[in-house]
Amino acid sequence: MAKRVPICWILLEDHLISHVLAVLLLIGTALAQNTVHYTATTANVKYLFATAEPVARLKSGDIVDTNTLDCFGNVLRKPGDTLSMVKGDNPLTGPFFVEGAEPGDTLAVKILELDVDGDTGVGAFAPGFGALNETNYTPMLHPPLPERIWYYHIDHAANTATFKALDNDFSVKIPMHPFFGCIGVAPAEGEARSSVVPAEFGGNMDSPEASVGNTVYFPVNVKGGLFYIGDGHAAMGDGEIAGTAIEVPLKARVQLSVIKGRTITWPQFENDDSIMTVGAYRPLDDALRIAFTELVHWIHKDYGLSELDAYELLSKVAKIHLNEMVDPNYVVVASIEKKYLPPKKK
């Protein structure tokens, strides 16, 4: 005859089993999400997206806990400082090597945390830069605009940065939305590209989409991917027309994962609500065409609509975001909300 076990024992055993399973799950998650800590300084930053000796090696699923300098290298701190003090534009933290990443794979970068690292942001324009300024691409016969620099007080508690006019006493508080201006991987074919340039590898996309809650996908062009970040922004208007955002250093946590066998051509963004694709080129209409062509391909591949059906649907519900039109290439992000799409294919 089987011995009867009190029901309270069974419930207790079930509770203990559930507790043990939960602990094992947490341990497994912690092991799968090892955190790599790295500190960027003026002595170890880079100024190129390129194949270079990695500053750290990670396994797929690991988290990077690091920091970035602002686009001026953190040297502009007070009135009277000048752009001649800047060593180089957009210093980059990295590169980070991800084990198992091979050309033809996709590197997924989940942005977990971003915090402004300091109490001052900077905005500036300079001769030869900016959408309303004479540039190498748009030469003019009038004198270029003069160099000017603005400083923004960061209020962490209120999550605002304060604009103060230089020519009168006007000021206004701007809500902060921290994001990476530069985020990308080493280019293909051994190219070395300036940290000012956005292109197929990502780079200086100045995309507010590169923020907490979003995942960014990059084509893996070289073994290990070689991932870089930098050029922190506290806030930025569409187009970044004067050439800078509210430039700030950042503290960051990002998770890097390799998607084997998934091949993409241009960077992509995704969150719970939308999928988004990047086009970076000149003229602006070609940047838009790249972004939408990539979005059509993504919808066809992962959601099962024909390319013509996707093209028609996008013509009715798509959104576009002009991120910036001041760099050597302009950047457009095209997006569609997932509520308009069929279920994703398994």
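Arg57 lies over the face of Phe97, 4.1 Å from the ring centre. A charge is taken to sit over a ring if NZ of Lys or CZ of Arg is within 6 Å of the ring centre and within 35 degrees of the ring normal. This is a predicted model, in which local features need pLDDT of at least 70 and side-chain atom pairs count only at pLDDT 80 or more, while totals for chains, interfaces and linings use all residues. Residues are numbered from 1 along each chain as its sequence is written, and side-chain values use heavy atoms, with hydrogens and water left out. Here is a friendly tour of the rings and cysteines.

**Charges over rings**

- Arg282 also lies over a ring face, that of Tyr137, at 3.9 Å from the ring centre.

**Aromatic pairs**

- A pair of aromatic rings is described by the distance of the centres and the angle of the planes.
- The count comes to 8 aromatic pairs, where rings of Phe, Tyr and Trp (its six-membered ring) pair if their centres lie within 6.5 Å, and planes under 30 degrees apart count as stacked, over 60 as edge-to-face and the rest as tilted.
- Phe49 and Phe201 have ring centres 5.4 Å apart and planes at 45 degrees, so this pair is tilted.
- Phe49 belongs to strand β2 (residues 48-49) and Phe201 to the loop between β13 (198-199) and β14 (202-203), so the pair ties together parts that are 152 residues apart in sequence.
- Strands here are DSSP runs of E with at least two residues, numbered from the N terminus.
- Phe49 has 0% relative accessibility and counts as buried, a term that means under 20% relative accessible area (1.4 Å probe, protein chains only).
- Phe201, at 3% relative accessibility, is buried too.
- Phe125 and Trp150 form a tilted pair, with 5.4 Å from centre to centre and 50 degrees between the planes.
- Phe125 sits in strand β7 (residues 120-125) and Trp150 in strand β8 (residues 148-155), so that pair ties together parts 25 residues apart in sequence.
- Trp150 has a relative accessible area of 14% and is buried.
- Ring pairs also link Phe49, Phe201 and Tyr228 into a cluster.

**Cysteines**

- The count of disulfides is 0, with a disulfide being a pair of cysteine sulfur atoms within 2.5 Å.
- Cys71 is in no disulfide, and its nearest cysteine sulfur, that of Cys182, is 8.7 Å away.
- Cys71 is buried at 5% relative accessibility.
- Cys182 is likewise in no disulfide, its nearest cysteine sulfur being that of Cys71.
- Cys182 has 0% relative accessibility and counts as buried.

How values were computed:
Helices (H or I, at least four residues) and strands (E, at least two) are DSSP runs, numbered from the N terminus. Buried means under 20% relative accessible area, exposed over 50%, partly exposed in between (1.4 Å probe, protein chains only).
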